Structure formats: C-alpha cells, structure tokens
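Biologist: Could you take me through one part of this model up close? I'd like to hear about the charged contacts.

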Amino acid sequence: NGFGNALGVLLDLGVSSYQLDKLERGFSIKGNERLDMRMNQSQELTAYEVVNTYSAEELAYIFTKFGEEEKAQAVADQIVFERGKKKIETTGELVSIIEKIIKKQGFVSPATKIFQAIRIEVNSELVSIKEGLEGALHVLKSHGRICVISFHSLEDRIVKQQFGNWERQNVGISITKKPITADE
C-alpha cells in the first residue's frame, strides 16, 4: 500500500466478531447454517469443501495442528464415515458428528477446537500471520517497533519464532520474552 518508514506497527491477530457473529457465515457452533467460515467471501475454499473433500488424514492433521485436539483422528474418521452416507452441509450437522466422539465437559462445546481448526485452514490464518510480520518489518523505520496482540498459542508461537529468527539474524531485538497480559 505504499507505506514506509513507520515508527511502529501493531498487529491485532484477533478474528472479527462482526463476521463471527453473523450466523449465516457458518462460523458458529450455535446455529445450523451452511458450512462456510470464509473471512473473504470471494475466496473459493469453504468449510464445506474442507469437511466434505479432505481425507481423514488431512482432517486429522488440521484438527491436531490448528485445533490441538486430542481426539483429532477419531473425529476425522467419524466425519469421513458420516459424509459417506450424506454430505455434511451445516454447522449443526458437524457439531452433532463431533459430539459423537467428544463429550461435553463444562461450558465449552466439544466442537470449539474443531471449528477453530477448520476456520484457520479455510482462511490460511497462520500463513497470513507470517506474511503480516514480514510486511511489518518491511515498512518499519530503523529502531521502530512491532507489537503483536495474539489470542492463542498457535499465533503466539509463530510470533515468538519470527522474533527469535530476527534476533539471531541481528535484524532486531525482542523487548519482552514473555507475553504481556492485561490487568485491571
């Protein structure tokens, strides 16, 4: 966009509640909407394609890597089994399938981690973080600062690794080694 010589760059890695709150976008475990989960409605890959075309191995991989779900393989196998009978079209159908494998404990839905993993896959969110960090460095003035607000360990890990790489390359230094969390 022609930016340059920025004294500071702030990356807020949080997802947009505007998009998540719209049930028709297929992000929510609460509704029964068409599986979509695209942040950018013009992109082709949707949650429907992920759920209905990825192999059990591919699904288990994204559930493990992006959702850190312990029962990733069992959920993936159940999805493949169920879609063999009928395509999985809605968020409600997917939640029901997940609940066959992962039982609810407390207030958190058993589908939360799986939905997160699918959303990350559909939107290439982790790749975007790497690209955003590189772009931030590119527009940063000498002695400028990059600050990142992350919301889960997957994002945090990428940021820490990139900052560590920059330190080893003598591109910059990390001011904090541990996350700074909000207080009152």
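Which residue forms a salt bridge with Glu82, and how far apart are the closest N and O atoms?

Modeller: Quick housekeeping: this is a predicted model, so to speak, with local features needing pLDDT of at least 70 and side-chain atom pairs counting only at pLDDT 80 or more, while totals for chains, interfaces and linings use all residues. Residues are numbered from 1 along each chain as its sequence is written, and side-chain values use heavy atoms, leaving out hydrogens and water.

Now, the partner of Glu82 is Lys85, with 3.4 Å between the closest N and O atoms. A salt bridge here is a side-chain nitrogen of Lys or Arg within 4 Å of a carboxyl oxygen of Asp or Glu. Both residues sit in helix H4 (residues 72–85), three residues apart, so about one helical turn separates them. Helices are DSSP runs of H or I with at least four residues, numbered from the N terminus. Glu82 is buried at 11% relative accessible area, whereas Lys85 is exposed at 57%; buried means under 20%, exposed over 50% and partly exposed in between, with a 1.4 Å probe and protein chains only.

Elsewhere, Glu93 bridges to Lys86 at 2.9 Å between the closest N and O atoms. Glu93 is partly exposed at 27%, and Lys86 is partly exposed at 45%. Then there's Arg119 with Glu125, 2.7 Å from N to O, and both of those residues are buried. Shared partners also link Glu82, Lys85 and Lys100 into one salt-bridge network. By this rule, the count comes to eight salt bridges.

Note on methods
Helix = DSSP H or I, 4+ residues; strand = E, 2+ residues; numbered from the N terminus.
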